[in-house]
Amino acid sequence: MSTPLSALPVRRLTMRDLTACADLAEDRDWAREEHRWSLLLAAGTAHGIDDPDGKGLAATCVVTSYGSSPHGGELAAVGMLLVAGRHARQGLGQRLMNHVLHEAGTTPLVLHATPQGRPLYERLGFTGIGTTRTVLGRLRPPAPTAPPLATRPATAADLPAIIRLDNEVFGADRTHLLARLPAFADRLRVAEEGSTITGYGAAWPTPAADVVGPLVARDTDTAKALVAALAPAADRPLRTAVDVRHTELLNWLEEHGLEPTALTTLMVHGVPGLPGDRTRLFAPLNLATG
């Protein structure tokens with residue numbers, strides 16, 4: 001006889017669970033994106049509940065923790081809360097979130113909620129503070145600007161400056177995540193003025209599209225130049241998630257071939273808002289990492 005769902009323990013997931021995590025995502029009609037799962041399992045703390053009948057994972061959730069910086073305190077991002085379809089609406093999602101809240105203690109949490117998930121998060125005390133729009137499509141090359149805003153491939157020597165800029169903009173120290181970007185991303189570029197880096201962006205692959213994120217820039221023109229430089233040379237779609245307050249960038253992306261596919265609500269727990277300078281944070285690495 002199967003173990004009751006209420007008695008199933010929550011355990012820490014490891015890289016050995018990569019395939020099971022991707023299988024669970026596919027079960028819920030999400031893309032497998034094993035490349036993204038590999039980053040999340042390496043840089044974050046993943047929690048899971050095993051299926052009582054031995055059919056892989058019944059539920060998952062990943063927490064990516066960030067250290068304090070001069071521009072803010074500690075912060076943790078919650079993502080990839082997934083429950084197998086055969087166990088939906090049986091309380092597993094809430095069990096995992098209660099576990100995450102207990103483990104977090106007083107650390108503020110941030111997440112991107114789908115319309116389906118938002119009611120659960122609201123019951124648990126999360127508050128909506130913004131909206132993020134995901135866009136997808138083949139980016140048509142923009143007309144040249146005069147003079148063009150130059151970007152260049154990032155080098156290993158740029159990483160300390162990228163981290164300093166990111167700490168200022170994101171408001172928490174995510175060095176352990178950014179240090180993995182050169183290996184994770186296909187392309188990593190910076191914009192600079194003189195010897196000062198004014199923005200950076202990365203593009204990384206999924207089976208269906210190349211994803212731009214994170215995208216940090218001094219202004220919208222810098223963000224546009226980075227996206228244009230990061231767009232895949234081959235005829236592959238581009239995907240990114242942009243805060244709806246960045247209307248100029250979103251309009252530009254849609255004018256050049258990308259279409260809206262989803263809206264998520266940016267939510268926080270334990271803090272009224274987010275640290276840093278969000279006017280310069282155009283896109284997250286992905287929604288799961290905040």
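Q: Which strand gives the most to the lining of the largest pocket?
A: That's S4, with 6 residues. This is a predicted model, so to speak: local features need pLDDT of at least 70, side-chain atom pairs count only at pLDDT 80 or more, and totals for chains, interfaces and linings use all residues. Residues are numbered from 1 along each chain as its sequence is written, and side-chain values use heavy atoms, leaving out hydrogens and water.

Q: What counts as a pocket and its lining?
A: On a 1 Å grid over the protein atoms alone, a pocket is an open set of points where a 1.4 Å probe fits, with protein on both sides within 12 Å along at least five of seven lines; lining residues have an atom within 4 Å of a point.

Q: Which residues lie nearest the centre?
A: Trp30, Leu81, Leu82, Thr114 and Gln116, out of 49 lining residues.

Q: OK, switching to S11. Why is it largely enclosed?
A: Because 5 of the 6 residues in S11 (238-243) are buried, meaning under 20% relative accessible area with a 1.4 Å probe, protein chains only. Strands here are DSSP E runs of at least two residues, and helices are H or I runs of at least four, numbered from the N terminus.

Q: How does S11 pair with S6?
A: In the antiparallel sense, over 6 bridges; pairing takes at least two DSSP bridges. Threonine 132 stands opposite aspartate 243 there.

Q: And in what sense with S10?
A: Parallel, over 2 bridges, with valine 211 opposite arginine 239.

Terms used
Buried < 20%, exposed > 50% of the residue type's maximum accessible area, 1.4 Å probe, protein only.
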